[in-house]
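This report looks at a ligand site and at the contacts between aromatic rings. The sequence and the structure come first.

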Amino acid sequence: MVVFFINYYFLQRDTEELPYNKFLKFVDEGKVSSVVIEDSRIMGELKPIENNKLTRFVTVAVKDDTLTQKLYEKGVSFKGQLKNPLVSFFASWVFPLIFFYFLWSFIIGRAGGAVGSGVLSMSKSKAKIYVEKEVKTTFKDVAGIDEASDELQEIVRYLQDPKRYARLGGHAPKGVLLVGPPGTGKTLLARAVAGEAKVPFFSINGSEFVEMFVGLGAARVRDMFQQAKEQVPCIVFIDEIDALGRSRAMNAIAGTNDEKEQTLNQLLAEMDGFDSSEGVIIFAATNRPEILDPALLRAGRFDRQIALNNPDHEGRLQILKVHVKKIKLDPTVDLNRISSMTSGFSGADLANLSNEAALVATRRDALSVIENDFLVAIERMVAGLEQKKKVMNPLEKRKTAFHELGHATVALALEVPDKVHKVTIIPRGMGALGYTMQRPEEDRYLLEESELIAKIAVLLGGRAAEKIFFNSTSTGASNDLAKATDIARAMVMQFGMGTSLGMASYDQKRSRYLSTPFDGYSSEMSEETSREVELEIKKILNSGFETAIKSIRENKKFIDLAVIELLKKETLDEKEIQSFWGIRTQSNGSGLTVGTIVAH
Ligand code: ADP
Ligand code: MG
Ligand code: ZN
């Protein structure tokens, strides 16, 4: 490249590169007037001929001992020349130096995120922190956030006037964690809060903290907060916080990662370090809440959590309404029907669908998007989504409905104390919602033996329903089984509830993540004891399952009624569940409390 550049620079534009044979031909024909011979090339001038613009040429030298003789014979003046010393000096020293300087500053710049702000300010990270002064997104762009909106409204009001909150002694939130599967609008919602409050929006992606050099991530965090504090009130948004806030306990297993840990510690320090009356609110998003470091969720940090889930029928309708505003929709399109056909689609999928439908319409040169365009687009998208296990076929959907209602029935029948909030058959992402995050375990374990058995029965209720209605078990129930087994095991080993083992705790504090290869208990237990433990666990599980089967058999009518509605709406809320339960018990008079629901 450099050589090419030099050639280009030192030779004029009317210089032509000739192949060697053509050069020889010119010599033979007596057209050449003079040549300069270098090590690797020969430059020459042609005799001036009328209407021939070519005067100078260059050719790559070929080992040719007869050349000088030929030139001599043809009377061409020639001389040898060493390479231009200045040129070779530039080529071999100065250009590489300049080149490496740029390369170096580029690398450093990227690492420090500071291309353009000078090599020396390595920790400045302006390039990677995105700041938007005026966010256009508002709550109008986010459909179906009603559940969270009170909380969000409060945050908006706070951002509009942080001082007022401080004066009244109100405790403003510091950190809000948005939890939900991909494409459910977490990023969108965070931006909408900024847009509503009309405050600057700083955003950074958790995975970008993971740097080559130890210490840069932490510096970047410091930097970001410094920048944010200069522009209060504002929102700082950390997307994909799981990349950096992964539980340190897990890092210890997967090999320490000093860099991430330092960065996380810096983040925690920054969050603790500022007063909530200063007007900075930190939003973070994750689809894997279960792997977050518990330290992040402590009071004064991300202590508010907003769960977003894939939309149900009504939610999808609302989201579609938002997105079809951007396309030219034919008035005959029935969005209700489209919502029915897009079970399992996330908000992002629906946005994509509306766009795809418009493309289909464009391709057929239509004036507006009709329903069939949507159908074509849905067909196309479903194939892809099926692979990602986001869309269920009708049989799977039915099975799931019975499964979930199985949980609900057992919970209602056994009158477990927690409330049934809703039953839903919408496929969940990784971070199964409904799963309450990081509830202190002690709370859960301060339970009576009978309550624990009821819990197990509820967990196995899904399985029991599948057995009763389909006489089969799906893999969907495996997580339920694992949870039920955990409880049963704890009953036997920690609480001495097993009948034959009596009052002894066999538990050794094992790390949650170290299950294999030393799946712990047996290592310090006699083989006999561990077999007995297994038997006890099995016994408890069996009796739980029997209880579940019995509850469902006795309340089959409830499932028969509810399943129709559940398949139609995909979600049943507390009121609806209660009303079906009421109908089923009308004959024997009810008054039952509504019990827990566990999603598998
Ligand atoms: P996440 O951050 O949860 O992965 P995004 O916020 O990036 O999801 O959502 C991607 C896109 O999907 C959004 O830009 C928006 O167009 C659409 N979308 C998702 N959820 C909603 C919603 N509730 N209402 C309207 N549009 C949504
Ligand atoms: Mg996102
Ligand atoms: Zn289940």
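In this predicted model, a polar side-chain atom of Lys 186 lies 2.7 Å from an oxygen atom of ligand 1.

| Residue | Atom of the residue | Atom of ligand 1 | Distance |
|---|---|---|---|
| Lys 186 | polar side-chain atom | oxygen | 2.7 Å |
| His 323 | polar side-chain atom | nitrogen | 2.8 Å |
| Gly 185 | polar backbone atom | oxygen | 3.1 Å |

How much of ligand 1 does the protein bury? Taken alone, ligand 1 exposes 560 Å², and 78% of that is buried by the protein. In total, 15 residues surround ligand 1, and the closest are Gly 183, Lys 186, Thr 187, Leu 188 and His 323. Sorted by class, the shell holds 7 nonpolar, 6 polar and 2 charged residues.

The second topic is the aromatic rings. A search of the whole structure finds 7 aromatic pairs. One of them joins Phe 201 and Phe 237, whose ring centres are 5.8 Å apart. Why does this pair count as stacked? The planes of the two rings are at 25°, and the cut-off for stacking is under 30 degrees. The pair links distant parts of the chain, since Phe 201 is in strand β8 (residues 201-205) and Phe 237 is in strand β9 (residues 234-239), 36 residues apart. Are these two residues buried or exposed? Phe 201 has a relative accessibility of 2% and counts as buried; Phe 237, at 1%, also counts as buried.

Phe 402 and Phe 470 form an edge-to-face pair, with 5.4 Å from centre to centre and 80° between the planes. Phe 402 lies in helix α16 (residues 394-414) and Phe 470 in helix α18 (residues 449-470), so this pair ties together parts that are 68 residues apart in sequence. Phe 402 counts as buried, at 5% relative accessibility, whereas Phe 470 is partly exposed, with a relative accessible area of 23%.

Elsewhere, ring pairs link Tyr 20, Phe 23 and Phe 57 into a cluster.

Key. Residues numbered from 1 in each chain as written. Chains lettered and ligands numbered in written order. Predicted model: local features only at pLDDT ≥ 70, side-chain atom pairs only at ≥ 80, totals over all residues. Heavy atoms only, no water. Phe/Tyr/Trp six-rings, centres within 6.5 Å; stacked < 30°, edge-to-face > 60°. Helix = DSSP H or I, 4+ residues; strand = E, 2+ residues; numbered from the N terminus. Buried < 20%, exposed > 50% of the residue type's maximum accessible area, 1.4 Å probe, protein only. Near = heavy atom within 4 Å. Polar contact = N/O pair within 3.5 Å; in protein donor to acceptor, adjacent residues only side chain to side chain. Areas by Shrake-Rupley, 256 points an atom, 1.4 Å probe, with all protein chains shown as cover. Nonpolar A, V, L, I, M, F, W, Y, C, P; charged D, E, K, R; others polar.
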